[in-house]
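Take a walk through this fold, from its sheet to its core and then out to its loops. Keep the structure in view as you read.

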Amino acid sequence: MSSQNNNNTDINKGINRLRSLSRLERIIVNYFLRHISAGDIIAVLDIREEVKKKIREGDRDLLPETEDTLIEVEVRRVLAELVREGILYHRNGVYSLSPWLVELVKKKFGRLRPGESKPLEKLLE
C-alpha cells in the first residue's frame, strides 16, 4: 500500500514539474509525446530544427544563441536534466518518455500513437 502511495506521489510531482516546464523543455517534451522515443543523435538534430523554426517564426528569445552547435549543446543539457528529473528515460543511446509518463499518455489518449501530436496541455487537463 505504501508503495502505491509513493508511486502516486512521484506521479503528482512529475505532473507538477510538467506544468512548470520552460519553453525549451516544452518543445522537447512535446517532441517525445509525439515520437515516444528516439535515438540520441536524431532527437538532438530534430529538436534543434524545431528550435530554429520557432526562432524563425519570431520566438527570438527562446535561446540566446542561434548557431547550430550552441543550440545542440543547450538541447543536450536540457535532455540530461529531464532524464535526471524522471520525465525522460535514457538507455542504450535512446531517449524515451519515462514509464510513468507512458502510462499517463495511454490513460489520457487511449494508446501511445507514435507519430501523432499529443499536446502537453491536453495531457495535463
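The model is predicted. Start with the sheet. It is open and has 3 strands, ordered E1-E3-E2, with antiparallel pairing. Strand E1 covers residues 37-39 and strand E2 covers 88-91. These two are the edge strands, and each pairs on one side only. From one strand to the next, the twist averages 20°.

Now take the pairings one at a time. E1 is joined to strand E3, residues 94-97, by 3 bridges, and the two run antiparallel. Ala 38 stands opposite Tyr 95 of E3. Gly 39 stands opposite Val 94 of E3. On the E2 side, E2 and E3 pair over 4 bridges, again in the antiparallel sense. Here Leu 88 stands opposite Leu 97 in E3. The bridge partner of Tyr 89 in E3 is Ser 96. As a general point, side chains in a regular strand alternate between the two faces of the sheet.

Next, the helices. Helix H4, residues 68-84, lies across E2 and E3. H4 runs at about 105° to E2. H4 also packs against H2. Two packed helices are described by the angle between their axes and the distance between the axes. For H2 and H4, the angle is about 70° and the axes are 10 Å apart. Angles of 65 to 115 degrees count as roughly perpendicular, so H2 is roughly perpendicular to H4.

Which residues make this helix contact? From H2 come Leu 24, Glu 25, Ile 28, Val 29 and Phe 32. They meet Glu 74, Val 75, Val 78, Leu 79, Glu 81 and Leu 82 of H4.

What does it contact beyond its neighbours within four places in sequence? The partners are Phe 32, Leu 33, Ile 36, Ile 87, Leu 88, Tyr 89, Val 102 and Val 105. One of these, Leu 88, is also the residue opposite Leu 97 in the sheet.

Phe 32 leads on to the aromatic residues. A pair of aromatic rings is described by the distance of the centres and the angle of the planes. There are 2 aromatic pairs in the model. In one of them, the ring centres of Tyr 31 and Phe 32 are 5.0 Å apart and the planes stand at 85°. Planes over 60 degrees apart count as edge-to-face, so this pair is edge-to-face. Both Tyr 31 and Phe 32 are buried. With Tyr 95, they form one aromatic cluster. Tyr 95 belongs to E3, where it faces Ala 38.

Finish with the backbone. Most residues other than glycine have a negative phi. Asn 92 is not a glycine, yet its phi is positive, about 50°. Arg 113 also has a positive phi, near 50°. Where does Arg 113 lie? It lies in the loop between H5 and H6.

Are these two residues buried or exposed? Asn 92 has a relative accessible area of 73% and is exposed. Arg 113, at 23% relative accessibility, counts as partly exposed.

Terms used:
Residues are numbered from 1 along each chain as its sequence is written. This is a predicted model: local features need pLDDT of at least 70, side-chain atom pairs count only at pLDDT 80 or more; totals for chains, interfaces and linings use all residues. Side-chain values use heavy atoms; hydrogens and water are left out. Rings of Phe, Tyr and Trp (its six-membered ring) pair if their centres lie within 6.5 Å; planes under 30 degrees apart count as stacked, over 60 as edge-to-face and the rest as tilted. Buried means under 20% relative accessible area, exposed over 50%, partly exposed in between (1.4 Å probe, protein chains only). Two strands pair if DSSP finds at least two bridges between them. Axes are lines fitted to C-alpha atoms, for helices over the stretch in contact, and angles run from 0 to 180 degrees between N-to-C directions. Contact means heavy atoms within 4.5 Å. Angles under 35 degrees count as roughly parallel, over 145 as roughly antiparallel, 65 to 115 as roughly perpendicular and the rest as oblique.
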